[in-house]
Amino acid sequence: MTLILGIETSCDETAAAVVADGRIVHSNVVASQVEIHRRYGGIFPEVASRQHVLSIVPVIEEAMAEANVEWDDLAAVAVTFGPGLAGSLLVGVNVAKGIAWARGLPLVGVNHIEAHIYGNWLVEGAPPPFPAVCLVVSGGHTELFLMTDHGRYQRLGGTLDDAAGEAFDKVGRLLGLPYPGGPAIQEAARAGTPTAFKLPRAWLPGTYDFSFSGLKTAVLRMVQKHQAQTDRQPEGESESHVQQTLPGIAAQPLANLAASFQAAVVDVLVEKTCQAAEALGAQSILLAGGVAANQWLRMEMSRRSPVPVRYPPPQLCTDNAAIVAAAGFYRLGIENPTNWALDVVPNLRLAENGS
Ligand code: KG4
Ligand code: ZN
C-alpha cells in the first residue's frame, strides 16, 4: 500500500489528506476560509495566505491522526504548486518541502487542475476508462480536455472570459445571494422554473470554447428591470406574501432567475462536452471542480451523454487535498518527482502544448 500525504493551499481552503494507492481516502481535512472571505464578497488574497499560515500545521496533524498513520508510513508528499494565488500556494509548497526534506520522502508537485480530474479516481468501483473527456469547471477554470492515459491530456477548449464558477459567484452577488454564489444559486433555483427567463447561450460553433460574460450581462439587465418594477409598486401593494430579498426582487422572480441562469450555464457545458465525447470516441465523461458539485449539471450531463458520466461526491469536487494525493500517486508512477527547486506557478496550465 502506497500512502501519500496531500497538501492543498491554492485558494481559500487549507487542506491535507492521506490517500492509499491513489484511490482510497484515509483522511481528508479541509479548513475553509469561506466565512472570513464572505464579508468581502470574494477572496482577499493576503488574508487567504495568512490564514493558511495559521491553519496548515494543525490541519496536517489532524489528517495524519485521522488516518492513523506515522510519518514513516508515508511514501511521498504531494502538494499543489499551481495554478492559484501565489501567496497561498507558497505556504503549502514550503510546508511540503519541509516535511519531505526532514523525512527523506519524494516531493511531488501537483497541478491543481489535474488534481480536480483525479477526484474521479476516488470513487469506488472500476477506474474510469480512457479516452475520457474531462470537463473542469471551478471558480478559476472552465476547460475541456481529452485524457488519453494517466498524465496525458489534450486541451480541447476553454472559457474566453469568466470561468463557470466565477459566473455563478458574480450572478449570486447580483441576486443578493451569499458568497459563494454556486451553492446559493443551486438552492435558490429549487423553487424556480428553468424556462421562466429566456437567457442567451454562447454556442461558439466549431470550437470547444465557452463564454459566460454575455449571460452575466443579460442577468444584470433582468435584475435592473425587476428592481425598477418593484420600486414602482406603491406601498402596501407589493407582493407581501413573498419575502423581499436584498436587491429588491421578490422571491419568485429571483428563484426563476436563478433557475434560468443555472439552466443556461449547464445547457452549454453539457452540449459541448457531449459533442466532444461523441466526436472523439470517448469512453467516459469526467466532471471535475467545484461546479461539478452542481446537481443540475450532474443530472443533465448524465441524461444527455452518449457515454457513462462520472463525478466525484460533492466534497471531492470542491478544493481538498485528497485529490492532490490521488494525482500525486499517478504522477509518482510517471516521473521521478523530487525537485527541491519546485516553485509556485500561479498561472500554471494543463496540456498547453498538447502533451
Ligand atoms: O474547485 P473550487 O472549490 O475552487 C477553485 O479551484 O476555483 O470551486 C469553487 C467554485 C465557486 O465558484 C463555487 O461557486 C462553485 O465552485 N460551486 C458551485 C457549486 N458548489 C461550488 N457552483 C455551482 N453549483 C454548486 N453546487
Ligand atoms: Zn479548485
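In what order do the 5 strands of the open sheet stand? The points below answer this question and then turn to the helices.

1. Basis of the note. This is a predicted model, in which local features need pLDDT of at least 70, side-chain atom pairs count only at pLDDT 80 or more, and totals for chains, interfaces and linings use all residues. Residues are numbered from 1 along each chain as its sequence is written, chains are lettered from A and ligands numbered from 1 in the order in which they are written, and side-chain values use heavy atoms, with hydrogens and water left out.

2. The sheet. The order of the strands is β3-β2-β1-β4-β5, and the pairing in this open sheet is mixed. Helices (H or I, at least four residues) and strands (E, at least two) are DSSP runs, numbered from the N terminus; two strands pair if DSSP finds at least two bridges between them. The edges are formed by β3 (24-32) and β5 (107-111), each of which pairs on one side only. On average, neighbouring strands of the sheet are turned by 20 degrees against each other, direction ignored. Strands of a sheet pair through backbone hydrogen bonds, either parallel or antiparallel.

3. Pairing within the sheet. Strand β2 (residues 13-20) pairs with β3 in the antiparallel sense over 8 bridges, and A15 has V30 in β3 as its bridge partner. The pairing of β1 with β2 is also antiparallel, over 6 bridges; here L5 has V18 in β2 as its bridge partner. A hairpin of 4 residues joins β1 to β2. By contrast, β1 and β4 pair in the parallel sense over 5 bridges, with I4 opposite A76 in β4.

4. Burial of β1. Strand β1 is mostly covered, as 6 of its 6 residues are buried (buried means under 20% relative accessible area, exposed over 50%, partly exposed in between, with a 1.4 Å probe and protein chains only). From β1, L3, L5 and I7 point one way, while I4, G6 and E8 point the other way, and all are buried.

5. Helices on the sheet. Contact means heavy atoms within 4.5 Å. Axes are lines fitted to C-alpha atoms, for helices over the stretch in contact, and angles run from 0 to 180 degrees between N-to-C directions. Helix α11 (residues 322-334) lies across β1, β2, β3, β4 and β5 and runs at about 125 degrees to β1. Another helix, α2 (residues 45-67), contains S55. S55 counts as buried because its relative accessibility is 13%. Leaving aside residues up to four places away in sequence, S55 touches T14 and A31.

6. Helices α5 and α6. Two packed helices are described by the angle between their axes and the distance between the axes. For α5 (residues 164-174) and α6 (residues 181-189), the angle is about 65 degrees and the axes are 7 Å apart. The crossing is left-handed (the near helix is turned anticlockwise from the far one by less than a right angle; clockwise would be right-handed). F168, D169, V171 and G172 in α5 meet G181, G182 and I185 in α6. This contact comprises 3 nonpolar, 3 polar and 1 charged residues. In this division Ala, Val, Leu, Ile, Met, Phe, Trp, Tyr, Cys and Pro count as nonpolar, Asp, Glu, Lys and Arg as charged, and the others, Gly among them, as polar.

7. Helices α5 and α8. The axes of α5 and α8 (residues 251-280) come within 11 Å and cross at roughly 170 degrees. The two helices are therefore roughly antiparallel (angles under 35 degrees count as roughly parallel, over 145 as roughly antiparallel, 65 to 115 as roughly perpendicular and the rest as oblique). A164, A167, F168 and V171 in α5 meet F261, Q262, V265 and L269 in α8. By class, this contact has 7 nonpolar, 1 polar and no charged residues.

8. Helices α6 and α8. The axes of α6 and α8 come within 7 Å, crossing at roughly 120 degrees. I185, Q186, A188 and A189 in α6 meet L254, A255, A258, A259, F261 and Q262 in α8. The residues of this contact are 8 nonpolar, 2 polar and no charged.

9. Residue T273. T273 belongs to helix α8. With a relative accessibility of 0%, T273 counts as buried. Residues up to four places away in sequence aside, T273 touches V133, L135, L144, I285 and M301. The C-alpha atoms of T273 and S305 are separated by 8.3 Å, and the two residues lie 32 residues apart along the chain.
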